[in-house]
Amino acid sequence: MDVEQIRRQALEDLSKASTTTELDQVRTKYLGRKKGLLDQVIASVPGLPPEQRRAVGKSANDLKNELTRLLDEAKDKLSQKPPAAPRSDPTLPGPRLRLGHVHPLTQTTRQVEEIFSRMGFEVVLGPETETEFYNFEALNIPADHPSRDSFDTFYLSPGVVLRSHTSPVQVRVMESRRPPLRVLAPGRVYRPDTEDARHASMFHQVEGLMVDERTSFADLKAMLFIFAREFFGSETKIRFRPSFFPFTEPSAEVDVSCFRCKGKGCSLCSGSGWIEVLGSGMVDPAVFEAVGYDPERYTGFAFGMGVERLCMLKYGIDDIRVFTQNDCRVLSQF
Ligand code: PHE
């Protein structure tokens with residue numbers, strides 16, 4: 001190999017070297033002591049014909065200097081190279097965290113609580129597992145009475161049930177306090193209903209109870225009217241239909257005027273213009289007796305409403321199962 005060939009090869013090798021290790025390999029290959037290609041050329045000079053020695057020796061030395069300079073420059077360049085770009089850009093906005101929010105049933109419960117708390121009601125809680133006494137007997141529902149069927153529930157053991165309504169909380173509150181009372185008891189209730197778009201074996205109610213010396217049906221009407229207008233809109237009317245509950249006398253189902261068609265009749269109200277929203281009545285004297293209140297001195301009213309139903313009506317939800325299916329596409333809309 002003559003010096004010119006070595007030069008071309010060296011420049012090519014140099015151009016391919018992209019790391020300091022590769023540069024060192026090039027340096028050893030061409031400039032290495034004794035074994036390097038150029039040292040070999042220089043070592044061969046004394047054996048050349050005298051007229052060539054000077055030229056070959058000079059070009060080999062020139063190339064040695066040139067390569068040394070180029071290698072040094074290449075090495076400097078590599079060590080100045082900025083570090084590899086960071087894998088993330090700290091100036092970009094971070095990934096968005098999806099914030100959860102309050103479940104629509106909890107929102108509805110809180111709205112009801114808020115409206116009644118402005119009328120002096122206090123929120124109280126009772127157990128979801130109840131004894132038959134609180135769920136039935138104390139509420140004037142004897143074991144052999146046909147009305148028991150409509151409140152039938154799941155038995156955990158003889159005498160212990162999952163409460164089928166929030167009314168037992170009325171009894172627990174009256175047992176532990178004296179009138180005047182204004183309490184609101186929200187919570188889960190259970191019934192052995194087959195699930196469909198309108199029924200669930202677990203749902204929520206809000207119970208209301210007011211007891212004082214002169215509490216009347218007019219108080220019940222006024223407070224439920226205020227509630228209906230606050231919850232469903234200021235144009236809402238209410239209507240009381242005579243009904244029966246073992247623990248109230250007289251009893252009434254309460255309807256609100258259909259807030260969608262304003263009472264004209266539509267699919268939501270099945271054409272009647274009215275929607276049933278709750279059960280209510282004056283506390284039956286038998287319930288006062290069960291808790292040791294004097295029914296001659298005290299009167300009171302109670303009401304109970306289904307939270308799922310209120311929420312479905314208000315937001316136009318047509319299937320009760322969406323509340324427990326945990327589908328964020330649905331829940332995030334409320
Ligand atoms: N507890 C009744 C029910 O579950 C509702 C109700 C409560 C009725 C209070 C009257 C008074 O259907």
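A salt bridge is taken here as a side-chain nitrogen of Lys or Arg within 4 Å of a carboxyl oxygen of Asp or Glu. The views below come from a predicted model, which holds 21 salt bridges.

**View 1. A salt bridge joins Lys 75 and Asp 24.** Lys 75 belongs to helix H4 (residues 50-80) and Asp 24 to helix H2, so the contact ties together parts that lie 51 residues apart in sequence. Lys 75 is partly exposed, at 33% relative accessibility, and Asp 24 is likewise partly exposed, with a relative accessible area of 33%.

**View 2. Asp 13 and Lys 29 form a salt bridge.** Here the side chains meet at 2.9 Å, N to O. Because Asp 13 lies in helix H1 (residues 3-16) and Lys 29 in helix H2 (residues 20-31), the pair ties together parts that are 16 residues apart in sequence. Asp 13 is buried, with a relative accessible area of 17%, whereas Lys 29 counts as partly exposed at 37%.

View 3. H1 has 14 residues and reaches 20 Å from its first C-alpha to its last, close to the 20 Å expected at 1.5 Å a residue. Its buried residues are Val 3, Ile 6, Ala 10, Asp 13 and Leu 14. An α-helix has 3.6 residues a turn, so residues three or four places apart point the same way.

**View 4. Asp 2 caps the N-terminal end of H1.** A side-chain oxygen of Asp 2 lies 3.1 Å from the backbone nitrogen of Glu 4.

**View 5. Glu 230 and Arg 118 meet in a salt bridge.** The distance between their side chains is 3.1 Å, N to O. Glu 230 lies in helix H8 (residues 217-232) and Arg 118 in the loop between helix H5 (104-117) and strand S1 (122-123), so the pair ties together parts that are 112 residues apart in sequence. Glu 230 is partly exposed, with a relative accessible area of 42%.

**View 6. A network of salt bridges links four residues, namely Arg 239, Arg 241, Asp 255 and Glu 276.**

How values were computed: Residues numbered from 1 in each chain as written. Predicted model: local features only at pLDDT ≥ 70, side-chain atom pairs only at ≥ 80, totals over all residues. Heavy atoms only, no water. Helix = DSSP H or I, 4+ residues; strand = E, 2+ residues; numbered from the N terminus. Buried < 20%, exposed > 50% of the residue type's maximum accessible area, 1.4 Å probe, protein only. Expected span 1.5 Å × (residues − 1). Polar contact = N/O pair within 3.5 Å; in protein donor to acceptor, adjacent residues only side chain to side chain.
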